[in-house]
Amino acid sequence: MDTTATPLDLANPIATLPPSFRWGVATSAYQIEGAVDEGGRTRSIWDTFCEVPDAVDKGDTGEVACDHYHRMPQDVALIRDLGVDLYRFSVAWPRVQPRGRGPVNPEGIGFYDRLTDELLANGVEPWVTLYHWDLPQELEDAGGWPERDTAYRFADYSMMVFDALQDRIKTWTTLNEPWCSAMLGYAYGAHAPGRRDFAASMRAVHHLLLGHGLATQRMREASDGRHEFGITLNMGVSTPQTDSAADRDAARRSDALGTRIYLDPLVHGRYPADLVDDLARRGVTLPVQDGDLEVISTPLDVLGVNYYFSETVSGVDEDGNNTDPDGLPVTRVIPTGRPITAMGWEIVPEGFTQLLVRLHNDYGLPIFVTENGSAFDDVPDETGFVDDEDRVAYFDSHIGAVALARQQGADIRGYFAWSLMDNFEWAYGYDKRFGIVRVDYDTQERTPKRSAHWYRDTIRSLRA
Ligand code: FCB
């Protein structure tokens, strides 16, 4: 691509975003709703995981979370006051289809029906994510995502939600971050269901993608053509620490397992050959059956990109070895000395630009940034207000990075800040705060932080 023709506007990139660019805030069901035993909801793998000693920091759980289930209208008013166009939320499978099989639960879908109406009445467009990690526990008991049947269950559940809300919701995304479901959930044991089995995690990858494809095909068949379908992936850039063959191979492997394992089948209908070779060396195969890749590569209208950080990697450990004690090639993340967030993630806005331009060049899909944001150790004043200049700087540099990628030709149509409000940050519990609105968990009081004001003013200035 010729990037020299139009010089990049580096001074104030955000100002180059057009008035048609769309803005939103994002949340997910288990992180905010609470009310885990209400309205016929059954348990999800996260309810179970939270009971495992030491699985979640301080033993926190999603039992109450932000109590959004009971405070939904006030929360929608908060969203409206931000002046955003879109709200991305996820639907809790165990509310809508308790136990993951059988008929729709009217009370469960009723909550999302009311949420949808409330958003529309407040001039905010709903954007739905069908799966943000809260698998019904019964489906995990039957084997979870490593089992092929889970993909079919997901498609059935997706159709229930689609039937109920398709008349009012245009954009339908299937999965949030299948990398986290598969790797954190089944390989590393850091997320629910807490399994540590690499081969199972690779089966989970394939069945998550199959579930996405089956659900997308069925929703598209039932659609009158007014809808858009997509998926959200979390990605970053892996840069080799040096030009050595070992470091370059570490970066290749991390790109294969982080990005290409999803996007190659989704867009090109095949798994990357180098990944399949790497897996074969570990005695692992992806459980692909005839016709699966055709289903998985059913056309997408939108790619959701979640970006938080990028990494520099080395293929050599501290002692100079290329393989670990299990004989596997070393992939070691190397701290570069850049500033970090409270998560310990390096702040790399230029990696965001690089990622978005690369996704555009390699996969050519319209992109929405479905999550981007940061956790910092917020200090509220006596009124609950947080002067979060660090978070404002993060948003400023990363939205600027999006604008620079657009200037280089990437087709990016919108941006969602993660997150509307502080919430249950999975294995980190409530200590890590990503919200632009502070939540006082003792009183459930919500107080917009400086970043919320900044976000509202930025959006407003681009429309003026
Ligand atoms: C993403 C998740 C989201 C939130 C952010 C910080 O991986 O999709 O739920 O936890 O990270």
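This is a predicted model: local features need pLDDT of at least 70, side-chain atom pairs count only at pLDDT 80 or more; totals for chains, interfaces and linings use all residues.
Helix H3 covers residues 68-82 and helix H5 covers residues 106-121; their axes come within 10 Å and cross at roughly 15 degrees. An angle under 35 degrees counts as roughly parallel, and H3 and H5 are therefore roughly parallel to each other. As H3 passes H5, the crossing is right-handed. On the H3 side, the residues that take part are His68, Tyr69, Met72, Pro73, Val76 and Ile79, and they meet Phe111, Arg114, Leu115, Glu118 and Leu119 of H5. Sorted by class, this contact of H3 with H5 holds eight nonpolar residues, one polar residue and two charged residues.

Asp67 sits in the loop between helix H2, residues 45-50, and H3. The phi angle of Asp67 is near 55 degrees, which is a positive value in a residue other than glycine. Most residues other than glycine have a negative phi.

I turn now to a second pair of helices, H8 and H9. Helix H8 runs over residues 178-187 and helix H9 over residues 198-222; the two pack at an angle of about 155 degrees, and their axes are 8 Å apart. That angle makes H8 roughly antiparallel to H9. The crossing of H8 and H9 is again a matter of handedness, and here it is right-handed. From H8, the contact draws on Pro178, Ser181, Ala182, Met183, Tyr186 and Ala187, while H9 supplies Phe198, Ala200, Ser201, Met202, Ala204, Val205 and Leu208. In the contact of H8 with H9, eleven residues are nonpolar, two are polar and none is charged.

The loop between H8 and H9 is where Pro193 is placed. The peptide bond from Ala192 to Pro193 is cis, with omega near 5 degrees.

Helix H10 spans residues 245-268 and helix H11 spans residues 273-281, and their axes come within 10 Å and cross at roughly 115 degrees. This makes H10 roughly perpendicular to H11. The crossing of H10 and H11 is left-handed. Here Arg252, Arg253, Ala256, Leu257, Arg260 and Ile261 of H10 meet Asp274, Leu275 and Asp278 of H11. By class, the contact of H10 with H11 consists of four nonpolar residues, no polar residues and five charged residues.

Finally, let us consider the ligand. Which residues are around the ligand? They are Gln31, His132, Trp133, Asn176, Glu177, Tyr308, Glu371, Trp418, Glu425, Trp426 and Phe434. A polar side-chain atom of Glu177 is 2.5 Å from an oxygen atom of the ligand. For Glu425, an N or O atom in the side chain is 2.8 Å from an oxygen atom of the ligand. For Asn176, a polar side-chain atom lies 2.9 Å from a ligand oxygen atom.

The peptide bond from Trp418 to Ser419 is cis, and its omega is near 10 degrees. Ser419 belongs to the loop between strand E11, residues 412-418, and strand E12, residues 437-440. Most peptide bonds are trans.

Notes:
Residues are numbered from 1 along each chain as its sequence is written. Side-chain values use heavy atoms; hydrogens and water are left out. Axes are lines fitted to C-alpha atoms, for helices over the stretch in contact, and angles run from 0 to 180 degrees between N-to-C directions. Helices (H or I, at least four residues) and strands (E, at least two) are DSSP runs, numbered from the N terminus. Angles under 35 degrees count as roughly parallel, over 145 as roughly antiparallel, 65 to 115 as roughly perpendicular and the rest as oblique. A crossing is left-handed if the near helix is turned anticlockwise from the far one by less than a right angle, and right-handed if clockwise. Contact means heavy atoms within 4.5 Å. Ala, Val, Leu, Ile, Met, Phe, Trp, Tyr, Cys and Pro count as nonpolar, Asp, Glu, Lys and Arg as charged, and the others, Gly among them, as polar. A residue is near a molecule or strand if one of its heavy atoms lies within 4 Å of it. A polar contact is a pair of N or O atoms within 3.5 Å; within protein, one must be able to donate a hydrogen and the other to accept it, and residues adjacent in sequence count only if both atoms are side-chain atoms.
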